Amino acid sequence: MSRLIEIITSDDPLIRDRSLDAVCQELTIQQLRAECDDLDRFRRTSSNLYERVRALFFLYAIHRFHIPLRDRGAAPAAIPFAGYTHLLKRRYEEAIDIFLAAQASLGAGAAISSALAAAYRGLGFQTLAGQVRHSVRSVRGNQWMFRTGHPEDYPLRLRRELLQVEGGMFPVLRESTPVRMDLTHSGWSDIFFLGMDFPEGARVVNISVDLAVRAGAGENGPKPPVEAYLRVIDQPVLRLVSVDLGATAEISTIDEVFDFARDYLSLLKAAVIASGLVPPGMEGAVQPLAQILERLTGARGLGIEIVSKVNGIPKGSRLAVSTTLLGSLISACMRATGQIHSLEGGLQEDERRLVAARAILGEWLGGSGGGWQDSGGVWPGIKLIHGVAAAEGDPEFGVSRGCLLPRHRIFDRDEISSETRDLLQSSLVLVHGGMAQDVGPILEMVTERYLLRSEKEWTARREAMALLDEVIEELRAGDVRAIGGSTDRNFSGPIQTIIPWAANLYTATLIESVRAEMGEDFWGFWMLGGMSGGGMGFLFDPRRKPEALVRLQHIMTATKKRMEHAVPFAMEPVVYDFAINESGTVAALLRGPDALLPAEYYTLAVPPLVRTEARLLSPSRRAELDRFAAACRERSEFSGMVQQMFDHLLPRSGDQQTGAGQTLAALLEAYGFDATQHRQIQADLRSGRIGLAQNRLPASTDITDVHQGDAIDAVHGLPGRYREIGLEALRSGSVAVLTLAGGTGSRWTKGAGVVKALNPFCRLGGRHRSFLEVHLAKSRRTSELAGAAVPHVFTTSYLTHDAIAEHLRDRENYGYPGAVLLSPGRSIGLRMIPMERDLRFAWEEMPQQLLDEQAQKVRESLHQTLIQWARQAGEGSDYTDNLPLQCLHPVGHWYEVANLLRNGTLARLMESSRHLRYLLVHNIDTAGAAIDPELLGYHIDEGAGLTAEVIARHLEDRGGGLARVNGRLRLVEGMALPHEEVESQLSYYNSATYWVDVDKLLAVAGLTREDLGRADKVMEQTRRLAARMPSYITLKDVKKRWGKGQEDVFPVAQFEKLWGDMTSLSGLECRYLVVPRVRGQQLKEPSQLDAWLRDGSAAEIERLCGWR
Amino acid sequence: MRFQKAVITAAGPDQRALPLQTLVDRDGQEKSVLCILIEQALAAKVEEVCVVVWPGDESRYLQAAGSYAGMVRFLSQPQPLGYGHALYCAHDFVGSDPFLHMVGDHLYVSAGKPSAAQVVEIAQAEECPVSGVQATRESLLAQYGAVAGHRLPGRHSLYRVDTVIEKPTPTEAEQRLAVSGIRAGYYLCFFGIHALTPTVMELLGKALAVAPSKAVTLSSVLAELARREQYLAVENTGRRYNLGSRYGLLTSQLALALNGRDRTEVLAQLVELLADREMAAGQKE
């Protein structure tokens, strides 16, 4: 029997929990392939869902991490395009069959394994997500909502109490809900998949808390931070209002309820659907919403208004605010429709469970997902939430080991005393560090590691489980100091062992600073939620807490200021006041004069009403306005409303400014913006002369894969003489490194606009390092090897120059022995509102990765909204509605090299290094790029003007490659390929690392070394050269931040010229070298980091580095 | 156990006029709804009938009872304290005897044996209280009490009742009222005919004593009954028609006519009506 299948099917934990990696290390490549065959057969026939899933993840891991390590020398193989298309469409089974057939006919190799790995992983997660979705729908009490498809079948009725008008106004139902705080973390064991496969290991201690952002003395204290309001209105619409997001919608069609990305009200809509108010089965029904409202209220002409309010808690708090809000809204809607018995007060246990189940459904509907503990705020006080083994009668029985929904055991005061609760409150400082990151990839990593039982991580998980027991004991004993020790150990031990990315430099710096200031009185750090940097806890000796509250705010603000160019912050850090909430979610019915919505609601609602003639207002609106006017005079929470409303009526205007107070116009002026060129590009874009479709080469272009000998294999090493040539060049000082660092990593931070070069992306050599530091460390190592310091140049742009200069100055160039120069940008572009045709081309004609069914619906709705935005904002017009720096763009890395000539850096470099002749040019995110004497020697010996490095294509390498274009060998950009499938036929991918002969480059530009001092000539010749380079129109995501940590992402159009196109120039002789993947791989997205760390790439790069 | 008494409740503020309406019965005779109900009770071999009415309605009801006036007793519900209280108003009439209970705002039409007779026969045979139930779509749950139970072995349409919930939401129904053998989205809801024991009156009395001003539902008392003793539900083959719903009277009348002597005549009239309408529409085009 296959050893791996035995692991999957065994009931014995000693076998079942064996690490895949450990077993694989004992197997030969042939044995591994045989295991893959067995596993694939097994997963096709096994009737047990979790066995199938584990087999799929085993297959993924073998193909992703084990086969490539043993198979480095394999020849590149094309990945069938049909399989790739299936992958994009999430048709994983079909993709696997195609890839396996290709493997059988063309032979195994790392390339086809990369495709198989992606397909197996995708199918694994798809199977798991399908099971969770099925379980959510199968929960008793949820099923009817999927059957109800016509208003005539609509079964809910509003409670009579809500229809009884008093003082001209309908009563208001208010639900107040605390958020949850996770005390033990427990290695993300609240992920549904984990709880359903390993219920005994899925446990957390979870505390419901009231909260207030700390604003100073005299401010309101903590209260349940989440509120939902519901009332009847005398208008047959569903009115949804988010007080915090300033968004209102009056919905009159069923379709609009299901249109999630149309506005900022997706969470309210998800609650309306998940509560059954408009059941999910109604999606697509064409009847007017008024029909449902009539059946619901029992009268024609009536509607419902639902209002949400979060008490100033910013996004990314790691306190599950959005799930809590969903739960709060659902609870209010369910009370109103009698699905929860009590209209007022708390909930019964079975009702809380129902709300939690509906919140899970709501999250799925909204295309998001949280953990099963996230509705914890619905329950009161401190509780243990734990997985439950599925038993007969459960819908999960026979499918998974555990149930979808966990159990909640509330600790009473006999078990955790009032004194302990008080002590916990007076020790803990709760903060939001300002970072708001997507934890989705982390949850996938956790699931993956769990299923693979990777040795280190599995041990860490068991440690985390033991730590939970420890924390419970400490709570019982009232030893809060010990709790601090436990949560601290949890963070520095198991959490970071399971997921190193849970920590970051910002958090580490905060902890270090706090420890330095508070010494022994700092009892420990406490990580909340998916990752650190946002919501976090710090435990102190209660005597020092008042001081700690003040100091933490100061430390966070100062640290953020130091790091804000390098790390994506969404907001200013804040400190919270908090208190344990012992009630859970609670509702009250506000009647008569009290039947008002929250004060902030009226700043949104009243201005439009003021503009309406009084006679056109409905009677209840008139009564409400009267009551509101009285409340402004009488009630403290309504004081100051008149001023706020006035501000809202007359919004302030003015140019947005940068942090340094510069306007967009000033920045354009300062950076030498070429307005004439911009207007030309704008006109071309609008007229359709340029655009995404026009980036492509003509359809008749003949593009084929390379021939034998077109690219020289350097993976298996080059002749020894090259190394000597290279070393000699190094010793003579004829080589420099040019790192392209003008970019802001739009994919790396999804348009957040930080300097990618400075991003402390990974722990290497014992601490977090930035890309910039890593590149300097490699050059230091090279310099040591050659016995001569290699000059290192970083090209910068308007976005990155000051930050990089300051960073290097503060760190004294990391003690680098040679010259470190910055080559500032001389070109700048102004982003434009995209053309609708380009958006449609990108989203509808280019191959797109489909998302999970519901998430895809949300994405499509978002696309429609963004197309609408582009139309309204004016297609092709200047993009100016953001911070000025977010409106500008660097114009591609071709200019970064050209700027070297224009700004005099090359001339300076040549002055200081007279023998300089060769440049290694590479991207900031090509972490493995370094001067390799062998490769340098090859370049010199060949006498080429430019030698480009390529790598054997893996599935994820999209964006062009090395090809014969109309017979001529060159690099071709993905954007320029006339058909998508051409790319799949290209064996090599461009690593964007080049060896350049300076003199030959100058010659192509019509220049000599002597000309470098003549600015006019350099400018003229580089402009001419630029004119020979194609310009590409691209769409980039740019974030616009607003509110409290809210971010919108807009696609904007910009143009760029790319360095790889230099290989198409006649007169520049080019060579191509195939280099190892670890050298050529570019890190474009943080989600690549985990595999990069696990497959040994990071370790190999560490060996290239010489740290200070 | 013999059922000689019947209680019809007709005191609800919104329903009090319904039993007074006149319809053409299956036998082609014009009768008040009240008369039709009394005849169904008599068919179940009941000998005495009590009707609980809104104070002051007695004389109109007496008139509506027509030829049965002599065997019917009218009791008024002094205050509108709900359905349970209305039924309890007949507790002196019932005394320590089992009794048939029917609601006054529904009509029952069955092809075979009248529904009331079916329910009473089973109660007598099983010597326990029995309620008539019917599988009802979840969209109508807001109108009825509903039961959860288990089918008795070997008895096709007979259930042992575990619990009763008044007007459940579909959420609660799905969680607590699912009965195996009943289609998804359908629940066993009361038919409006019950053969009850004096225990029910006793339980009603207790519930009303605890909360005299609160509306007590029959369902809550039947839920308690189910906890105490064997209580069965029989799935009725007939149809019930809610007279108080929109077009309720019209639908009830059609149901009676299409199941009775004048079926052909009524059908012909309906067809004529439809044909006229279609022709008129055709001419307009």
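What share of the contacts in chain A with a separation of 6 or more comes from residues 24 or more positions apart? In this predicted model, the figure is 80%. Burial can be counted too: of the 1108 residues in chain A, 53% are buried.

Now for the overall build of chain A. The chain holds 41 helices and 31 strands. Its radius of gyration comes out at 31 Å, close to the 32 Å that the globule rule gives for 1108 residues, so chain A is as compact as a globular protein of that length. Laid along its principal axes, the C-alpha trace of chain A spans about 90 × 75 × 65 Å.

Some of those strands are worth a look up close. Strands of a sheet pair through backbone hydrogen bonds, and the pairing can be either parallel or antiparallel. In chain A, three strands make up an open sheet in the order β15-β26-β27, and the pairing here is antiparallel. The edges of this sheet are β15 (703–704) and β27 (968–973) of chain A, each of which pairs on one side only. Strand β26 of chain A covers residues 960–965, and six bridges join it to β27(A) in the antiparallel sense. To pick out a bridge by name, Ala963(A) has Arg970(A), in β27(A), as its partner.

Finally, there is the meeting place of the two chains. On one side sit twelve residues of chain B, and these are in contact with 15 residues of chain A.

Terms used
Residues numbered from 1 in each chain as written. Chains lettered and ligands numbered in written order. Predicted model: local features only at pLDDT ≥ 70, side-chain atom pairs only at ≥ 80, totals over all residues. Contact = placed C-beta atoms within 7 Å. Pairing = 2+ DSSP bridges. Helix = DSSP H or I, 4+ residues; strand = E, 2+ residues; numbered from the N terminus. Rg over C-alpha atoms; globule rule 2.2 N^0.38 Å. Buried ≥ 20, exposed ≤ 12 C-beta atoms within 10 Å, placed from the backbone.
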